[in-house]
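User: I would like to go through the aromatic rings in this model. Could you take me through them step by step?

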Amino acid sequence: QVQLVESGGGLVQAGGSLRLSCEASGSTHSIHAIGWYRQAPGTERELVAGIRTGDGDDTTYVDSVKGRFTISRDNAKNTVYLQMNSLKPEDTAVYYCHADAWIGSDYRAYWGQGTQVTVSS
């Protein structure tokens, strides 16, 4: 099993910055990919940024955040970060940490509880 705990959300003015953290515990060695999704009211949950682990981390971003958001990880702390700069009101959403992991022969998805990000105009 993998447990994910997010932190770092809050209220910020447009143009400001926030850094989200996601600390993983449990079978962290089995994580194949980890990243951040977000969901605004009335919309579907979307992938914001992700890292596919391996010899070299392969990162991906949704087009709307490219150049503004950066995903990174600290393996020693089992923590993934999402640095969000130049925030816009449309970035307002609940942000969820997500991980895919091989647990035995099963490929499983895990979610954190979510953290609210609100960007005021």
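User: How many aromatic pairs are there?
Analyst: The count comes to three aromatic pairs. Rings of Phe, Tyr and Trp (its six-membered ring) pair if their centres lie within 6.5 Å; planes under 30 degrees apart count as stacked, over 60 as edge-to-face and the rest as tilted. This is a predicted model, in which local features need pLDDT of at least 70, side-chain atom pairs count only at pLDDT 80 or more, and totals for chains, interfaces and linings use all residues. Residues are numbered from 1 along each chain as its sequence is written, and side-chain values use heavy atoms, with hydrogens and water left out.

User: Why is the pair of Tyr37 and Trp111 edge-to-face?
Analyst: The ring centres of Tyr37 and Trp111 are 5.0 Å apart and their planes stand at 70°, so the pair is edge-to-face.

User: And Tyr96 with Trp111, what are the values there?
Analyst: For Tyr96 and Trp111, the centres are 6.3 Å apart and the planes are at 90°, so this pair is edge-to-face. Ring pairs link Tyr37, Tyr96 and Trp111 into a cluster.

User: Is Tyr96 buried or exposed?
Analyst: Tyr96 counts as buried, at 15% relative accessibility. Buried means under 20% relative accessible area, exposed over 50%, and partly exposed in between (1.4 Å probe, protein chains only). Trp111 is partly exposed at 38%, and Tyr37 is partly exposed at 21%.

User: Changing topic, where does the charged end of Arg45 sit?
Analyst: The charged end of Arg45 sits over the ring of Trp111, 4.6 Å from its centre. Arg45 also lies over the face of Tyr96, 3.7 Å from the ring centre. A charge sits over a ring if NZ of Lys or CZ of Arg is within 6 Å of the ring centre and within 35 degrees of the ring normal.
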